Amino acid sequence: MNNDMLIDIKHLVKEFHITKGLSKRHIGMLRAVNDVSFTIHRGEILGLVGESGCGKTTTGRCVMRAIEPTSGEVLVNFDGEANGSVDLCRLEKKELKRVRRNMRLVFQDPYSSLNARMTVQDIISEVLVTNRLATNRAEIQDRVAAIMEKVGLNRDQMTLYPHAFSGGQRQRIAVARALVSEPKFVVADEPVSALDVSIQAQILNLLLQLKQDMDLTFLFIAHNLAVVAHTCDRIAVMYLG
């Protein structure tokens with residue numbers, strides 16, 4: 001794995017057990033991701049495209065190890081050192097947590113991905129608190145306010161709840177939540193597909209600007225080829241896993 005390469009996926013496989021009835025009797029196996037390999041270079045946006053149900057989202061979550069791959073390797077090299085890559089699939093929980101601070105996920109649906117009972121400040125700052133990336137309340141508020149302004153929101157909106165925002169604003173909150181910890185790699189899982197067409201371009205341009213400002217690398221999952229053409233540097237195509 002060379003210094004220019006941030007992520008190297010090798011022969012990734014994810015299988016799900018198919019069950020039937022209340023007894024959950026095993027009746028078969030579904031291979032959602034079937035021997036997928038690709039690389040992502042530092043500072044680029046790789047588009048992962050394909051029809052609905054082909055395994056794009058499952059691949060993205062396996063890369064994050066949000067779900068456990070059945071087999072394969074997810075090699076990451078966040079430090080940029082020669083031969084400094086680690087296999088995410090082989091890390092124990094403590095080491096995985098440390099490495100995954102550099103990785104974040106932006107979900108597709110800005111409505112269901114935000115906790116309706118939490119304020120915007122609590123939603124965005126949760127990752128800082130969980131990973132102990134900020135030392136006190138004042139620092140947390142400053143970092144939340146800074147990232148909110150960077151994604152086009154007002155710091156005066158920190159005390160509001162998600163229901164007070166439009167779909168586009170909610171996705172900006174989701175982007176702020178992903179980026180407040182200053183990660184190096186982001187998986188964007190169809191981040192504009194649930195938005196109105198008039199809002200999609202705003203969010204896409206925001207992501208491109210943030211990529212440049214924060215030196216980010218993206219895996220951009222989508223099925224809309226026009227969106228991918230506008231956003232991505234390279235494209236990988238999935239079909240039936």
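Buried means under 20% relative accessible area, exposed means over 50%, and partly exposed lies in between, with a 1.4 Å probe and protein chains only. Helices (H or I, at least four residues) and strands (E, at least two) are DSSP runs, numbered from the N terminus.

## What you are looking at

Welcome to this structure. This is a predicted model, in which local features need pLDDT of at least 70 and side-chain atom pairs count only at pLDDT 80 or more, while totals for chains, interfaces and linings use all residues. Residues are numbered from 1 along each chain as its sequence is written, and side-chain values use heavy atoms, with hydrogens and water left out.

## The chain as a whole

The protein chain has seven helices and nine strands. Its C-alpha trace spans about 50 × 45 × 40 Å along the principal axes. The radius of gyration (taken over C-alpha atoms) is 18 Å, in agreement with the value near 18 Å for a compact globule of 241 residues. That globule rule is 2.2 Å times the number of residues to the power 0.38.

Of the 241 residues, 49% are buried. Contact means heavy atoms within 4.5 Å. Among contacts with a separation of 6 or more, 71% join residues 24 or more positions apart.

## Surface and charge

The accessible surface of the chain is about 12,300 Å², and carbon and sulfur atoms hold 48% of that area. Such areas come from the Shrake-Rupley method with a 1.4 Å probe; for residues, only the protein chains shown count as cover.

The chain has 30 positive and 27 negative charges, and their mean positions are 7 Å apart. Here Lys and Arg count as positive and Asp and Glu as negative, while His and the chain ends are not counted. Each charge is placed at NZ of Lys, CZ of Arg, CG of Asp or CD of Glu.

Helix α1 covers residues 56-64 and is mostly covered, with seven of its nine residues buried. Those buried residues are K56, T58, T59, G60, C62, V63 and M64. After α1 comes R65, with a positive phi near 60°.

In helix α3, the buried residues are V120, Q121, I123, I124, S125, V127 and L128. They pack against strand β6 (103-106) and against helices α4 and α5. R132, which has a positive phi near 55°, follows α3.

## Backbone angles to notice

Most residues other than glycine have a negative phi, and most peptide bonds are trans. R132 is a residue other than glycine with a positive phi. It belongs to the loop between α3 (120-130) and α4 (137-150), and its relative accessible area of 76% makes R132 exposed.

D35 is not a glycine either, and its phi is positive at about 60°. This residue sits in strand β2, residues 25-41. With 45% relative accessibility, D35 is partly exposed.

Beyond its neighbours within four places in sequence, Q171 contacts V106, F107, Q108, P110, P191, L195 and I203.

T39 lies in strand β2 and is partly exposed at 21% relative accessibility. Leaving out residues up to four places away in sequence, T39 touches M5, I7, D8, E44, L46 and R234. R137, in helix α4, is exposed with a relative accessible area of 60%. The C-alpha atoms of R137 and K14 are separated by 41 Å, and the two residues are 123 residues apart along the chain.

## Cysteines

How many disulfides does a search of the whole structure find? The search finds zero, where a disulfide is a pair of cysteine sulfur atoms within 2.5 Å. For C89, the closest cysteine sulfur is in C62, and at 7.8 Å it is too far for a bond. C89 is partly exposed, with a relative accessible area of 22%.

C232 is in no disulfide either, and its nearest cysteine sulfur, that of C54, is 14 Å away. C232 counts as buried, because its relative accessibility is 14%.
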